[in-house]
Amino acid sequence: MRFVMLFIVLSFPLVDLVVTARFARWTGVPMWMWLAGSAVAGLWVLANERVQFRARTLAAFRSDSLFRGLLDSGRRVLAGILLIAPGILSDVLALLLLLLPINQRGGFGGPQPVPAGRPYGDGRALDGDFRRLD
């Protein structure tokens, strides 16, 4: 059983490249354009996740569940790596990972949009005077 699993894992990149070559021939788009485009998209996803990882982690610490933030970041990193890997099949898997509705953006209770007609939120603002004491 282990050898079958090892064979599947090791043969996936070769099968992926063969499928990409046939897909490129079928569409008429050169294979290098498919590979370069997906690699650029993967690098963009990883760079974007690197920027947002700290904010998501801090938000996860403040919320009830740390698992949600880590799962969301982990699936984005895995999708970026799959996009960088050459081949159409790995790109499809990456897109499926990105389309999963696990913890959509803004799910940590970030800033909420202000409703129209209420310029200062819900009307429970505190009014007061400010005075500096040195």
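**Exercise 1.** In which helix is Val19 found?

Solution. Val19 lies in helix H1. Helices are DSSP runs of H or I with at least four residues, strands are E runs of at least two, and both are numbered from the N terminus. The model is predicted: local features need pLDDT of at least 70, side-chain atom pairs count only at pLDDT 80 or more, and totals for chains, interfaces and linings use all residues. Residues are numbered from 1 along each chain as its sequence is written, and side-chain values use heavy atoms, with hydrogens and water left out.

**Exercise 2.** Describe the fold and burial of the chain.

Solution. Start with secondary structure. The chain has four helices and zero strands. In sequence order the pattern is α-α-α-α. Next, burial. Of the 134 residues, 21% are buried (under 20% relative accessible area; exposed is over 50%, partly exposed in between; 1.4 Å probe, protein chains only).

**Exercise 3.** Classify Val19 as buried, partly exposed or exposed.

Solution. Take its relative accessibility: 31%. Val19 therefore counts as partly exposed.

**Exercise 4.** Which residues form the nonpolar patch on the surface, and which element gives the largest share?

Solution. List the members: Phe12, Val15, Val19, Leu89, Val92, Leu93 and Leu96. Together they have about 520 Å² of accessible area (Shrake-Rupley method, 1.4 Å probe; for residues, only the protein chains shown count as cover). Patch residues have over 30% relative accessible area and no salt bridge, with nonpolar side chains (Val, Leu, Ile, Met, Phe, Trp, Tyr) joined within 5 Å and like charges within 9 Å. A salt bridge is a side-chain nitrogen of Lys or Arg within 4 Å of a carboxyl oxygen of Asp or Glu. Now assign elements. Helix H1 (2–27) and helix H4 (88–99) each give two or more residues. H4 gives the largest share, four residues.
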